[in-house]
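I opened this model to look up its pockets and the ligand. My notes follow, in the order in which I made them.

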Amino acid sequence: MDKKELIAVTINFVKETLRGAEGGHDWYHIERVYENAKLIAKGEDVDTFIVELGALLHDIADAKFHEGDETIGPKKAADFLRKMKVEEEIIDHIQNIIKYVSFKTSLDTEDQSKFESNELKVIQDADRLDALGAIGIARAFNYGGYKNRSLYDPKVPPLVNQDKESYKNSQAPTINHFYEKLLLLKDKMNTKTGRNLAQKRHEFMQTYLNQFYDEWNGIR
Ligand code: ADP
Ligand code: NI
């Protein structure tokens, strides 16, 4: 199977697997990340085939939706790629991308194994962009609704600098997620293209939050 065919087959596999997924982690999230990853990759020294494959498979089985099991995503991707007769070296790289792309993995101070690659950096930026801006806001509230969390509670302050366990187990209102993750992302971008795109989305979220508090406090 040539690379183009493999990408097409992977797209079908991902669409099928994510049928019925939560609105922030569905096929359209993958498609946006895939398109942004290709865009960011143009300015970087990367293997675009790995970037495309990694972007398509990065949320194939998110631990959040699988009782916290963080091995299931890499495993599911590897099973699929092996069936497609992809080289082991590529499979290994894709598994590392899936494992390390997540924000919570970056909070894990115990994990000394650290993996880095330019392809991971591109995909991570594309995934982070989708957590920002108008779409980022929609995804956060959708996820909060899915978890039955409140929108905002002035009595529950956000916790910045949480460790991985407390971040994962957080039951906090969705507005807190902006301070615990979303507003921190613009300073974590890996690429120049990613940083530029993140800036505008960051400012939009700040404007949104100001309006939110104005309305909450009865100021029109
Ligand atoms: P991680 O689970 O490592 O934070 P993800 O990239 O899987 O990273 O998170 C994806 C998206 O899921 C976030 O950008 C956000 O939209 C949503 N999300 C995750 N946790 C929360 C939360 N506690 N509150 C609201 N949205 C959340
Ligand atoms: Ni994602």
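Entry 1. I began with the second largest pocket, where α6 gives the most to the lining, with 4 residues. Helices here are DSSP runs of H or I with at least four residues, and strands are E runs of at least two, numbered from the N terminus. A pocket is found on a 1 Å grid over the protein atoms alone, as an open set of points where a 1.4 Å probe fits, with protein on both sides within 12 Å along at least five of seven lines; lining residues have an atom within 4 Å of a point.

Entry 2. I noted the ground rules: this is a predicted model, in which local features need pLDDT of at least 70 and side-chain atom pairs pLDDT 80 or more, while totals for chains, interfaces and linings use all residues. Residues are numbered from 1 along each chain as written, chains are lettered from A and ligands numbered from 1 in written order, and side-chain values use heavy atoms, without hydrogens and water.

Entry 3. I looked up the space in the second largest pocket and found about 270 Å³. Its lining has 14 residues, with Y100, F115, E116, L120 and Q124 closest to the centre. A volume is the space filled by probe spheres set on the grid points, which are joined across faces, edges and corners.

Entry 4. I moved to the largest pocket, which holds about 1000 Å³ of space. I counted 49 lining residues for this pocket, and D62, K64, S102, K104 and Y167 lie nearest its centre. Helix α7 supplies the largest share of this lining, 5 residues.

Entry 5. Where is ligand 1? Ligand 1 sits in the largest pocket, meaning that more than half of its atoms lie within 2 Å of the pocket's grid points.

Entry 6. I listed the residues around ligand 1, those with a heavy atom within 4 Å of it. There are 16, and K64, S102, K104, R149 and Y167 come nearest. Helix α7 (residues 133-146) again has the largest share, 3 residues of the shell.

Entry 7. I checked polar contacts, here pairs of N or O atoms within 3.5 Å. K64 has a polar side-chain atom 2.5 Å from an oxygen atom of ligand 1, and S102 has one 2.5 Å from an oxygen atom of the ligand. For H177, a polar side-chain atom lies 3.5 Å from a nitrogen atom of ligand 1. Alone, ligand 1 exposes 540 Å², of which the protein buries 94%; the areas come from the Shrake-Rupley method with a 1.4 Å probe.

Definitions and conventions:
Polar contact = N/O pair within 3.5 Å; in protein donor to acceptor, adjacent residues only side chain to side chain.
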